[in-house]
Structures are given as C-alpha cells and as structure tokens.
Amino acid sequence: MADDCCATQLIDRNGEFNVAGLEDFMKKVKLAQCGLSYAVVAVMGPQSSGKSTLLNHLFHTNFREMDAYRGRSQTTKGIWIAHCVGIDPCTIAMDLEGTDGRERGEDDTTFEKQSALFALAISDIVLINMWCHDIGREHAANKPLLKTVFQVMMRLFSPRKTTLLFVIRDKTKTPLELLEPFLREDIQKIWDAVRKPEEHKNTPLSEFFNVDVVALSSYEEKEENFKEEVAQLRQRFFHSISPGGLAGDRQGVVPASGFSFSARQMWKIIKENKDLDLPAHKVMVATVRCEEIASEKFKQLASDEGWLALENAVHTGSVAGFGKKLSSILDAYLSAYDMESAYFEEGVRYAKRQQLQSKLLDFVYPAYTTMIGNLRSEALEKFKSRLEHSLNEGEGFAAAVHDCTHSCMLEFDQGCADAAIQQANWDASKAREKLKRDIDAHVLSVRSAKLSELIGNYEKKLSAALSEPVESLFETGGKDTWTSIRKLLKHETEVAASEFSSVIAGFELDQDSIIKMIQNLRDYARNVVEKKAREEAGKVLIGMKDRFSTVFNHDYDSMPRVWTGKEDIRAITKEARSASLKLLSVMAAIRLDEKPDKIERILFSSLMDGAVTVSTKSRDIGTSTDPLASSTWEEVSPKDTLITPVQCKSLWRQFKSETQFTVTQAISAQEAYKRSNNWLPPPWAIVALIVLGFNEFMLLLKNPLYLLVLFVVFLLSKALWIQMDIAGEFRNGTQLAGLLSISSRFFPTVMNLLRRLAEEAQGHPTPQASGQSGSAVSQGFRHQTHPSNPLSNSIPESSVSSNISSSDDGVEYLSPILNRRRATNIQEPELS
C-alpha cells in the first residue's frame, strides 16, 4: 500500500524544481482527472521532530524517517510530495525540510523560509509540528518563520483561506484546553505585528487562515496511544474539501490539470523575491526577548498599586496632580524596560519600546478621558450655580452669562493642563468644545425659560387690562364702541411693548428676535379682544333684550316709566328696538382694522324700515334680493365676521318675538289707566242732567231736609263701596265674576255696617269693629290712591306676574319687574 503513494522529491536542497518528476507523479496518481476535487497537505517544523513519521502514519505514505540509532541528523532534504493512500478526495502530502537544522547553519535560513512560504501558498492544510515542551520558545514554535512568511505572503499573493493545524507532539499532563489559547494568542500577535501592505492593513487573520490545534502522545513511549490518536486525526481528512471541512473555503483553487504549472510559477516567484533575505538569528532573539520584557512591564503596570489607586480615585471625581502622578508611573516602567533591554540590538529595542509606550498609553487613556470628563462635568455644574446666583442678584442676563462662562472655561483649561502627561500629547479640545456646547445649551434653556416667564407675565397684564374694559364697552354697544376699543388696545399694547423692550434689553437678543416677540405680544393682545368679542357675540340676544328693556321701561332720566296714557308707545318701541339693533350691528363683526363697512345701514334698512333698499338688479330680470340672505358681509373678511347676515335676521326675529310681550303689557296698562280715571260722564250727559233735573235741584234747595237725607245716603253708599272693594272688582271693566262677588257680599256687608253704627251710637265700639273699621279705611285709601300706578292695576293677573303678600292690615300689591338688569319693585304705600 505504501508503494501506491508514489513519493517524489519536488524541490531538492539547492532549490531546484523537479519538473519532470512532478509530471510523472501527476500521471501516476491521475491528478489531472480530479478537477477541483483534491487537497494539498504540507508539514513543517523543527528538524528531527518526527514530521515524516507523522505523515507516514497519518496518510500511509513512505517518506524516509530518521533512524534514532544513528543519531539526530537531517533526514528530509528539500521538499517531497506523495499521494495519501485511502483518503477521499485525492490528497497530496508535502514533507518539508526541517527548520533550525545545523547542516545549513545559523544564518542560512533563506531556504526554510522559502519552503515554508511555498507550502503556505499552495497547500490547503499546513501541519505545524512542534514539541509540547517547546511551546513559548521562539524557534521551536516557528514564530519568527511564520512572521516572515505572513508578511511576504500578503504582499505576493491574494487572500486564500489556509488551515494551520498545530500538532503538539509528546503531550504532557497539561490539558490541551490550557495550551491552545497560548498558541492562538501567539499566532494573533504575529499577525498583528507584521507590516502589512495598504490593501491588507485592516484584513483580519481569519481572512487568510483557520487555526486549529491537536495534541499527540509520545511515539517512542506511548506508541499505541500515538497510533490511536493519529487514526482519529486521519478521519478528519476525509471529505476535507466539503463545506465546513478541514481544507477551508478553497477560494481561488487551481484545477488539478494546472497544478504542475501553478507550483512551478509559485516557486519561481518565491525564489526571485529579495524580501526573503532577512536578518540573522540574533535579530530574532532580540525581537523575542524585547517583546517578553515589554509584556512583563505592561503586566506589572496593570497590577501596580499606585496606578490602581489613581484609577479608582479618578472614577470618583477629579484628582489634583493627575498628570504628574501618571507620568511618574509610566516613566518608571519605561526606564525599567530600557535597563533590561540595554544589551539587545538597538533597532529592535527602540521599536519594541515604542510599541510598549503606545500600549501603555492606550491602557491609561480611559483614565485620562475620565479625568477630563470629571473636569467638564464640574465646570458645567459650577457654571449653572454661578449663573443662577448672578441672576438672583439682579445682574443682567447677558453680562452674567459672559462672566460665568469666562471663569468656568478658565478653570477647565487649568484642570486640563494639570491632567496632561509628559509621554503623550493628548488633546482636550473636543472635551472643551463639548463643555462649550453644554454651556450654550444651558444658556439657551435658561434664556428660553426666563423669556417665557416674562412673556407670560406681560400676557397676563394685557389680559387683565383688556378683558373687563372691552366687555364693558361691548355692553354699552354705542356708535363709538369699536373706536374706543381700538384706542384702548393701542394704548395698552404700546405700554406693554415699551416695558417689555426695556426688560429684554439685558438679554442681548438680535433685533429680529426682539421684533418677533413684540409682534407676538401685539398679536396676543388682539387675540384677547377678538376672543372677548366672540364671547359677547354669543350673548348678543341677551344684550339686545336687556337694552330694549332698559330703553323701553325707563325715561331719559333713568326713572321707571308710568303708563298714564300720554306716552307714545309706538315711538318708544321703535327707539328701544333701534338701540337693540345698534348693539347687534356693533357685535356683527370685528372692526380692529378701521375698515369701513355697511353693516349698520343694511341692518337698519332691512330690519327697522322693513324695506330692502340695497338690491342687486339682474340684466335679464329686474328682481331684488334680500341683503341679509347671505353668509358674508361686504368688505368684511370671514375671519372677522362674528354674526353673519343670516344669523342677524334670525336673531332679530327671535328678539322681536321675545320682546312683544313687554309692549303688549304697556299697551294694556295704558288702557286700564284710562278706564280707571275716566269717572265723569260725557259732557252731553252733564248738560242733559242739568236741564232735566232743574226742578228736582230747586226742590232740594227749598227743603234742606232732603239734602241731609241725601248726605246720609252718600255716606252709607261710600262705606259700602269701600267695604266691598267695588273699584277693585271692576278694575278691568264690568265682568260677570265681579257682579257675582258683589252680590254675594252685599247683605253681610250691610248687616256688619249697621251693627257697627249701632255700637258706635251706644259708645262701646268693639276691638274687632275698630280693627275692621281701620281696615276698611285703609282699604279705601289704598283703592283711592291705587290709580297712581296704573301699570300695576290694569294688567291682568294671567298676563303679568305680580308678587302678592298678606298682612294684618290687608293685601299688598307689588308691580312686576320690568327691567332685567335693574329690577325695581314698586310697592304701594300703606296706611296702618
């Protein structure tokens, strides 16, 4: 089975490529027929580390192995390839000459670097063979070699995923889980340290390599365990090119038919590349040792008590002398590095010192930024408290902001200078800019709050100065109402604007902002008036009825009218309605812009005169239209319209309906007054009585006894008239109810009167009789004086609401309330 591997030397120890041998190898293993289904596995590692033995057990090849009984010497010379037996897909194993061989000497490392780079360039999987006890050693772990190979490979070849399988030989009791992180960290450090071309400057290690680690037991001491573990490892190479397999993503894989040409060109490029003539072994040692010293100093700083105390202190607040303390700590560790690395190669030592300093600065930079952040926060808080104190003391806003800003920024700059360290030139300008932005934002917030407070106060003053006076002017509703409102609005607005301009002068605002705020104040004042106008327009019907009642029921001296029959109710009604309509015309629209309108003329011509004088003629038909049959007023914008023409017409109709009763009451009162005071007969009746009764009159003059009898009859009749309240019963004319009431009380009244006369003749009047007599006299006086207020006597009880109260002396009549605003109770005088 080993003969099937077809082992062939690909490159000899002098670097000559075996073109014929490779072509023959491809024919024997039929590689050209595989297409893309093949894989290449290479092994590298120190000389005599068992690389060939590993490949033979892993892939059943027959590479030459070292004879331990002949001593340790170079076995594999150059680069050999073989076909892996029993592995699917077709896999080619590549055995490289060992590194660090004494045969080539210390400084002749070019071939081993070239071979390593060649193996990485054409292989899908590279086995890095290393002893377990050599982990951490520079050459044993092939770290310098890998660093060189990585750097050159990135410059010569495009990214291609290659699997680096680290095989740890002769594993010890240390678990693999503890060894693997160290190896991965070393590989990452090598990758980070190499100088990369511009196109791969930010390319991660994962774009070029997949790193894996496996450990094997000692072949000489635990051969059975070794073979068992190798057998398990062999299983991982089956289907290695499948997705997720060991061979990686195989990006840019060359077809099998072109493998020979590709390998030749790859080796040619590598051999001709002069970048592989690298420094000798002492440079590598200096590199490793200086890195170890730098790493040690960094770890010591991370656990330094002085640094930890300083870091904890800065997280709680600002630390005085922060820059000097931190500079002293960093200088101590850099000086220690200089002392320990003094005897190593100067260029390497300086480069590693720069890396250490950069690493230390990166480590302490968060504490520095925290310190600057503390200084910024403290400066901002000081600014806020100082500004508030200055404003409370009455200092101007702009002056207070300028003084507080200057002092706080100066303190912040001094704090930044104190926090600066000698080893770095860190710039705190960004923190300073942020502090300035925070101060400006706070100033803007405070200024907005102060201005809002001032504006609110002046708006309250304007509202108090305008609301009640405007409401009072609307109640009067005269011709000059809107003129007075405009004067009031202009005066109050100018006063408020002048005071407001003086107050905000200390804020140092730009002129446009001041003009805008003053205009907003003027707009607010106008809105107050407009809002009040809309409120009063909603109550216009009540105002019209109040106005009508006041004018109709009171004379020019504001005295209540007494409807004696001499008043012209028609003229008074027209005057009262005209006053109410004047109020409606005032409330129909907002007139703050002094624009002329025809609202009053249209309302009076349409509603008071009853005729339409404003009409529009059509060219075809000469029909006239109602000017109130519209939803807009001429020369008045919709936003200034309070009551539309249609609404005015509806309100007027409702107003007339609700005030008609008051007019009817007045007319009824006049008629009742006329009837109650017209007791004399007509003149013709008086003449007839004189002519026809002349004889009877002469008879009475000749017989005085008849006069005495007539006088007694008159007294008795007068007493009956008063007792039976006949005038009250017929106050509203002769009615059936009055006749029935008089007839039912006539006989009891006569008997009562005779009884009282008899008792008075005997000289023993009873208290009851005296009280009744007094009541009769009182009632008689009231009924005699009652016509002085005909309005309260002549209106029927069904039409007028009268307040009636009873007392011991009789019945009192109170006239109805005719005025809604100034209710006047007219009470009849009484005699006790």
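## Meet the chain

A residue counts as buried when its relative accessible area is under 20%, as exposed when that area is over 50%, and as partly exposed in between, using a 1.4 Å probe and protein chains only. What you're looking at is a predicted model, where local features need pLDDT of at least 70 and side-chain atom pairs count only at pLDDT 80 or more, while totals for chains, interfaces and linings use all residues. Residues are numbered from 1 along each chain as its sequence is written, and side-chain values use heavy atoms, with hydrogens and water left out.

The protein chain has 26 helices and nine strands. Both come from DSSP runs numbered from the N terminus: helices are H or I with at least four residues, and strands are E with at least two. The accessible surface of the chain comes to about 45,500 Å², and 54% of it belongs to carbon and sulfur atoms. (Accessible areas come from the Shrake-Rupley method with a 1.4 Å probe; for residues, only the protein chains shown count as cover.) Now for contacts, meaning heavy atoms within 4.5 Å. Among those between residues at least 6 apart in sequence, 73% join residues at least 24 apart.

## The seven-stranded sheet

Seven strands form an open sheet with mixed pairing, in the order β1-β3-β4-β2-β5-β6-β7. Two strands pair if DSSP finds at least two bridges between them. Which strands stand at the edges? They are β1 (8–11) and β7 (209–215); each has a single partner strand, so one side of each is left without a neighbour in the sheet. Neighbouring strands are turned by 25° against each other on average, direction ignored.

Let's walk through some pairs. Strands β3 (residues 79–83) and β4 (residues 90–96) run antiparallel and are joined by five bridges, with Ile79 standing opposite Leu96 in β4. Strands β2 and β5 run parallel with four bridges, and here Met44 stands opposite Ile128 in β5. Seven bridges join β5 to β6, also a parallel pair, and Trp131 stands opposite Arg169 in β6. Helix α3 (residues 110–122) lies across β1, β2 (38–44), β3, β4, β5 (125–131), β6 (162–169) and β7, running at about 170° to β4. That angle is taken between N-to-C directions on a scale from 0 to 180 degrees, with axes fitted to C-alpha atoms, for helices over the stretch in contact.

## A well-wrapped strand

Why is β5 described as largely enclosed by the rest of the structure? Because seven of its seven residues are buried. Both faces of β5 are covered: Ile125, Leu127, Asn129 and Trp131 are buried on one side, and Val126, Ile128 and Met130 on the other.

## The nonpolar cores

A nonpolar core is a set of buried Ala, Val, Leu, Ile, Met, Phe, Trp, Tyr and Cys residues joined through side-chain atoms within 4.5 Å. The largest one has 112 residues, and the members touching the most others are Phe322, Ile372, Phe552, Leu584, Leu603, Trp633 and Ile643. Helix α11 (residues 346–392) gives the most to this core, with 15 residues. Apart from it lies another core, of 54 residues, among them Ala121, Phe150, Phe166 and Ile168.

A disulfide is a covalent bond between the sulfur atoms of two cysteines.

The peptide bond from Asp88 to Pro89 is cis, with omega near 10°. Pro89 is found in the loop between β3 and β4.

Two residues other than glycine have a positive phi: Asp170, near 55°, and Glu594, about 60°. Asp170 lies in the loop between β6 and α5 (176–193) and is partly exposed at 24% relative accessibility. Glu594 is in the loop between α17 (569–587) and α18 (599–608), where it is exposed, with a relative accessible area of 62%.
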